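Visitor: I'd like to learn how to read a structure like this one. Could you walk me through it?

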Amino acid sequence: MASIQKRIRGGKTTYRVQYRDPSGAMRGRSFARVADARRFKTETEHAKEHGVWTDPRAGKAILRAYGDAHLAAQTFDETTREAVALRLRLHVYPHLGDYQLAALRPSVVQAWARGLQQQLAPSYVRVVFANLSAILQAAVDDGAIARNPCRVGSVKLPAPDRRKVLPWSAGRVVAVAAALPDRYQAVMAVAAGLGLRQGECFGLAVDDVDFLRGVVHVRRQVRIVASRLVFAPPKAGKTRDVPLPESVALRLAAHLEAWPAVAVTLPWRGSGGRPETARLLFTTRERTALARTYFNRHVWKPALEAASVSATRDNGMHAARHYYASALLEHGVSIRAVAEYLGHNDPGFTLRVYAHLMPSSEGRARAAIDRALGGSPVVAQAAAQDA
């Protein structure tokens, strides 16, 4: 049990609370008023009894130092680590980095989130907020702070951005493809005709294209990790097979005739940097793998401008992938098949993103019921009664 000792030194009276922390170590804290000492004693005993006691000294850790240590201990891949580190460096640390953990009150966090909302899209604010919350939750788990100020009712985030995907028209796809340099025009055929992500387009090898069976095996992507190019599995490690339309096959065959595949060797992400060689369909003029930073700045953006398309985030290369999904749905391909071809782990995610692009089922529903019940006695009887 904690105890309160009255002390008089130099004519000044203080009240010192002596208590043992959960590890058994003796601790103490002094107060000028006995009421404050009693309150602290009660709160401390209550916290120990309910397993929510926190070390006051741990709460003095600086967010920047604690966050960097937390990030270094995580097991996610290096690309994710770099992305989180960048968000912390740009949007968290300049405002909150010098705060002690215990000083990050909900009001402080709310003011910071409100400030971000004036600069960033709501969806991105929520991502940055989640990164901060993960750090502070780790501090709670470590016993440095009693609660996570990001997880209290008074802290409100902007509503998620509910903008719907607006796929390009076929005319825009053709126009942007025509504006690309000749050696990269077939990239559009792969993105819009197979639905591959940008890194998967860059990692596509001639051995992945089965012209005879009409299938493309999506096995790798080109990524930038620690400022260098590497091969890596597709997103979430999900390899997949995608149907190869004849029009895309002819376009790839013509591309390979003009620009034969180039053998490129890069470290393989996830296997200790073991090198892998792949005969890539798309490379630079120097016969090296394509980097998204180079391609977006020097190839894709000029093509958008030449095709009179605004060079916004919505018109990034991912727009061609949206076109692919919309074309499949428009022609009646099931949402489960679309999810599989796009490499989504959850068809529900595909449905949430693209449901508004699915053709109306009302007419098909009426026709289906008419075909099923049109000749039945029930329908005939109902028609006679209506007459």
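Predicted model: local features only at pLDDT ≥ 70, side-chain atom pairs only at ≥ 80, totals over all residues.

Visitor: How do I read the packing of α11 and α12? What is the angle?

Guide: Two packed helices are described by the angle between their axes and the distance between the axes. The axes are lines fitted to C-alpha atoms, for helices over the stretch in contact, and the angles run from 0 to 180 degrees between N-to-C directions. Here, α11 (residues 318–330) and α12 (residues 335–342) pack at about 155°, with axes 10 Å apart. That makes α11 roughly antiparallel to α12. The cut-offs are under 35 degrees for roughly parallel, over 145 for roughly antiparallel, 65 to 115 for roughly perpendicular, and oblique for the rest.

Visitor: Which residues of α11 and α12 make the contact?

Guide: On the α11 side you'll find R321, Y324, A325, L328 and L329, and α12 brings I335, V338, Y341 and L342. Contact here means heavy atoms within 4.5 Å. By class, that gives eight nonpolar residues, no polar ones and one charged. For the classes, Ala, Val, Leu, Ile, Met, Phe, Trp, Tyr, Cys and Pro count as nonpolar, Asp, Glu, Lys and Arg as charged, and the others, Gly among them, as polar.

Visitor: What about α12 and α13: at what angle do they pack?

Guide: About 105°, with the axes of α12 and α13 (residues 347–354) 9 Å apart. The pair α12 and α13 is therefore roughly perpendicular. From α12 the contact takes I335, R336, V338, A339 and L342, and from α13 it takes P347, T350, L351 and Y354. Those residues divide into seven nonpolar, one polar and one charged.

Visitor: Now the inside of the protein. How many residues does the largest nonpolar core have?

Guide: A nonpolar core is a set of buried Ala, Val, Leu, Ile, Met, Phe, Trp, Tyr and Cys residues joined through side-chain atoms within 4.5 Å. The largest one has 60 residues, and W168, V176, M188, L252, F295 and W300 have the most contacts inside it. Helix α7 (residues 185–194) gives the most to this core, eight residues. A second, separate core has 30 residues, including L63, L101, W112 and A144.

Visitor: Which residues does W168 touch?

Guide: Not counting residues up to four places away in sequence, the partners of W168 are V173, V176, M188, W300, L304, V309, N315, A319 and Y323.

Visitor: How about loops? Where does A61 lie, and which residues does it touch?

Guide: A61 is in the loop between α1 (34–49) and α2 (63–72). Leaving out residues up to four places away in sequence, A61 touches Y99, Q100 and L101. A61 and L101 are 40 residues apart in sequence, yet 5.9 Å apart in space, C-alpha to C-alpha. A61 counts as partly exposed, at 27% relative accessibility.

Visitor: Last one, backbone angles: what is the phi of R287, and is R287 buried or exposed?

Guide: R287 has a positive phi of about 65° although it is not a glycine. R287 sits in the loop between β10 (275–280) and α10 (292–306), and it is exposed, with a relative accessible area of 55%. S308 also has a positive phi, near 60°, and is a residue other than glycine. S308 is in the loop between α10 and α11, and at 69% relative accessibility it counts as exposed.

Terms used. Residues numbered from 1 in each chain as written. Heavy atoms only, no water. Helix = DSSP H or I, 4+ residues; strand = E, 2+ residues; numbered from the N terminus. Buried < 20%, exposed > 50% of the residue type's maximum accessible area, 1.4 Å probe, protein only.
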